[in-house]
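Hi,

Here is the structure I said I would pass on to you. Have a look at it first, and then read my notes below.

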Amino acid sequence: MTKEQAIILINDLRKKLNKWAKEYYVLDNPSVDDTEYDQAIHQLIDLETQFPELITSDSITQKVGGIVSDKFEKYTHKYPMLSLGDIFSWDEFLNFNKQVAKITGTKDNEYTAELKIDGLSISLIYKNNVLQNGVTRGDGKVGESVTTNVKTIKSIPLSIPVKDEIEIRGEVFLSKTEFAKINEERLINGEQLFANPRNAAAGTLRQLDSKIVASRNLDAYLYYYFNETNPINTQFESINQIKQLGLKVNPETKICKSLDEIKAYIEYYTEKRNELDYEIDGIVFKLNDKNLQEEVGYTAKTPKWAIAYKFSAEVKETKLLDIFPTV
Ligand SMILES: CC(C)(CNC(=O)c1ccc(Oc2ccccc2)cc1)c1ccc2c(N)nc(N)nc2n1
């Protein structure tokens with residue numbers, strides 16, 4: 001095969017594989033079966049092995065990991081990764097809304113409601129269409145560059161169809177199903193078990209061997225979009241834009257236009273959380289309008305236009321007999 005023929009084949013395979021990967025890992029709606037996908041990826045790997053000069057950093061073959069780092073480089077966030085104030089009751093939410101109303105002039109504020117995934121925060125920097133960096137939150141100002149590991153997360157695309165420099169942030173997590181699989185394997189190998197999906201995700205993302213990271217199916221839901229060139233006016237539109245770019249957003253996200261809708265959302269997910277295949281530790285409410293967000297402003301560490309409504313820590317049912325077998 002000539003190099004020219006290989007270039008045509010490689011580009012066709014990459015286009016197909018990127019589309020199929022997005023359908024499978026982001027939209028959870030595959031259009032081809034695993035066999036067809038696996039055949040195409042092996043054909044691409046063979047071609048890239050024959051013509052290594054045709055390998056590009058955003059080729060899907062680069063998502064399989066294999067680089068072992070000795071440490072992670074520090075990375076200073078262009079904008080701080082802020083944290084959230086916590087509340088634990090409906091009365092506290094009413095008080096939060098009252099504080100916001102002092103600035104916005106109305107108690108009928110429009111909020112987005114977003115599930116608070118129990119994972120770890122990540123910041124993705126794309127420039128010239130390509131994923132340049134994946135950085136942990138760290139202390140909010142300086143994080144660790146875990147780009148090699150982030151690239152192995154199947155639902156995070158290595159390229160997006162926009163050239164601007166864009167920062168997309170969200171939560172990396174392990175599903176309950178994946179967490180159980182990993183701990184089962186560790187039990188068989190006599191390794192120490194992870195305490196919960198959050199610890200397992202954090203331990204995995206900070207693995208120095210990206211092959212191990214690729215073997216554990218980390219996932220991510222993104223919720224923060226920042227594009228200096230083309231800013232977006234509402235939080236809900238930002239999430240839509242993230243989705244348009246081919247990244248994964250949480251499908252339970254809604255706009256709440258009244259206190260009744262907010263109360264209903266809280267009640268619904270307080271029950272429904274046990275049915276989700278990922279752990280959540282609360283709900284994040286954000287003033288939807290970005291101009292109002294800037295008016296309400298920030299404290300040193302948190303926005304004053306967002307709040308985390310935390311669920312009471314799950315009380316694991318423990319039977320008395322488990323504790324006092326002689327009872
Ligand atoms: C709201 C924000 C704190 C993100 N926002 C920011 O980090 C942020 C950072 C600088 C901003 O603007 C500034 C720029 C320069 C200086 C100061 C602020 C604005 C927002 C946040 C934090 C955790 C979240 C979580 N676990 N789940 C969901 N669903 N949403 C979350 N949202």
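Before the notes make sense, you need two words: on a 1 Å grid over the protein atoms alone, a cavity is a set of points where a 1.4 Å probe fits but cannot get out, and a pocket is an open set with protein on both sides within 12 Å along at least five of seven lines; lining residues have an atom within 4 Å of a point. For volumes, grid points are joined across faces, edges and corners, and the volume is the space filled by probe spheres set on those points.

A word on the source: this is a predicted model, where local features need pLDDT of at least 70, side-chain atom pairs count only at pLDDT 80 or more, and totals for chains, interfaces and linings use all residues. Residues are numbered from 1 along each chain as its sequence is written, and side-chain values use heavy atoms, with hydrogens and water left out.

A search of the whole structure turns up one cavity of 30 Å³ or more. The largest cavity has a volume of about 60 Å³, and its lining is made of K78, Y79, E165, I166, E167, F226 and E228. Sorted by class, that lining has three nonpolar, no polar and four charged residues. (Ala, Val, Leu, Ile, Met, Phe, Trp, Tyr, Cys and Pro count as nonpolar, Asp, Glu, Lys and Arg as charged, and the others, Gly among them, as polar.)

The largest pocket holds about 1,300 Å³ of space. It is lined by 50 residues, and L82, R169, Y223, Y224 and K286 are the closest to its centre. By class, the lining of the largest pocket divides into 23 nonpolar, 13 polar and 14 charged residues.

What takes up the largest pocket? The ligand does; a molecule sits in a cavity or pocket if more than half of its atoms lie within 2 Å of its grid points.

- K286: a polar side-chain atom lies 2.9 Å from a nitrogen atom of the ligand.
- L82: a backbone N or O atom lies 3.2 Å from an oxygen atom of the ligand.
- Y298: a polar side-chain atom lies 3.5 Å from an oxygen atom of the ligand.

Finally, the second largest pocket has a volume of about 740 Å³. Of its 38 lining residues, A21, Y25, Y37, I60 and K154 are the closest to its centre. The largest share of that lining, nine residues, comes from helix 1.

Cheers

Definitions and conventions: Polar contact = N/O pair within 3.5 Å; in protein donor to acceptor, adjacent residues only side chain to side chain. Helix = DSSP H or I, 4+ residues; strand = E, 2+ residues; numbered from the N terminus.
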